[in-house]
Amino acid sequence: MPPTIARRLATRFSLGAFAGRFEETPLGAVRKAVGEGTIQHRGDAGDSIYWLCYRRAQHRLWVVSSGEMGGPDHRVTAIVEELTEKDTETSTDCAVIPDKFGPVVFDGKLHLGMSRSEVVAALGPPSKSEAAGMVYSHGGKLANGFDETAWLVLRFREDKLVSMRGGKTTTN
């Protein structure tokens, strides 16, 4: 998706009162704050990813670090949260996240349950929009000369935000 959003996206996130920054907060800090979860890993080289997986009622949450871009301390490069159609409490592949770590919020404003019009009011027009979703894409040069790419992929069901995937990478 070509970047069309001029202002920076996916710079920070919060899990309840826990505040983090994309490309700065290590997965270990998230795990320590929550007190639950196991950092998992798959792949190697450019296909390597590390993640924490959490569940609560109908929510599923993945806090992800690219093995390559997240560095040796596995800094958060992406977060995915989805509202499933059925309760996830019976699933055992993800740790239960305490209620005090909700809601997940991107950039102080984006969270599940928002209407499409609330999202546009908060973020402006998307880079791409279709019936079931919207994409926001940002690309730019930072003051230090590095290139920054950020994205939000949003899915709606009955005009409510039910899935958000956001991330950021900085390259030279």
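The protein exposes about 8700 Å², and carbon and sulfur atoms supply 52% of that area. Keep in mind that this is a predicted model.

**Overall build**
- Starting at the N terminus, the elements go β-β-α-β-β-β-β-β-β-α-β-β-β-β.
- The radius of gyration is 16 Å, close to the 16 Å that the globule rule gives for 172 residues, so the protein is as compact as a globular protein of that length.
- Along the principal axes, the C-alpha trace spans about 40 × 40 × 30 Å.

**Burial, contacts and charge**
- Of the 172 residues, 44% count as buried.
- Take the contacts between residues at least 6 apart in sequence: 54% of them join residues at least 24 apart.
- There are 22 positive and 21 negative side chains, with the centres of the two sets 3 Å apart.

**Strand β11 and its neighbours**
- In a regular strand, side chains alternate between the two faces of the sheet.
- β11 covers residues 147-157; its covered face includes Leu 152, Leu 154 and Phe 156, while Trp 151, Val 153 and Arg 155 are among those on the uncovered one.
- On one side, β10 (residues 133-141) pairs with β11 in the antiparallel sense over nine bridges, and Lys 141 has Asp 147 of β11 as its bridge partner.
- Five residues sit between the strands of the β10 and β11 hairpin, where Gly 145 takes a positive phi near 90°.
- β11 also pairs with β12 (residues 160-171), again antiparallel, over eleven bridges; here Val 153 stands opposite Arg 165.
- The β11 and β12 hairpin has two residues between its strands, and Glu 158 in the turn has a positive phi of about 50°.

Conventions
Residues are numbered from 1 along each chain as its sequence is written. This is a predicted model: local features need pLDDT of at least 70, side-chain atom pairs count only at pLDDT 80 or more; totals for chains, interfaces and linings use all residues. Side-chain values use heavy atoms; hydrogens and water are left out. Helices (H or I, at least four residues) and strands (E, at least two) are DSSP runs, numbered from the N terminus. The radius of gyration is taken over C-alpha atoms; the globule rule is 2.2 Å times the number of residues to the power 0.38. Buried means under 20% relative accessible area, exposed over 50%, partly exposed in between (1.4 Å probe, protein chains only). Contact means heavy atoms within 4.5 Å. Accessible areas come from the Shrake-Rupley method with a 1.4 Å probe; for residues, only the protein chains shown count as cover. Lys and Arg count as positive and Asp and Glu as negative; His and the chain ends are not counted. The place of a charge is taken as NZ of Lys, CZ of Arg, CG of Asp or CD of Glu. Two strands pair if DSSP finds at least two bridges between them.
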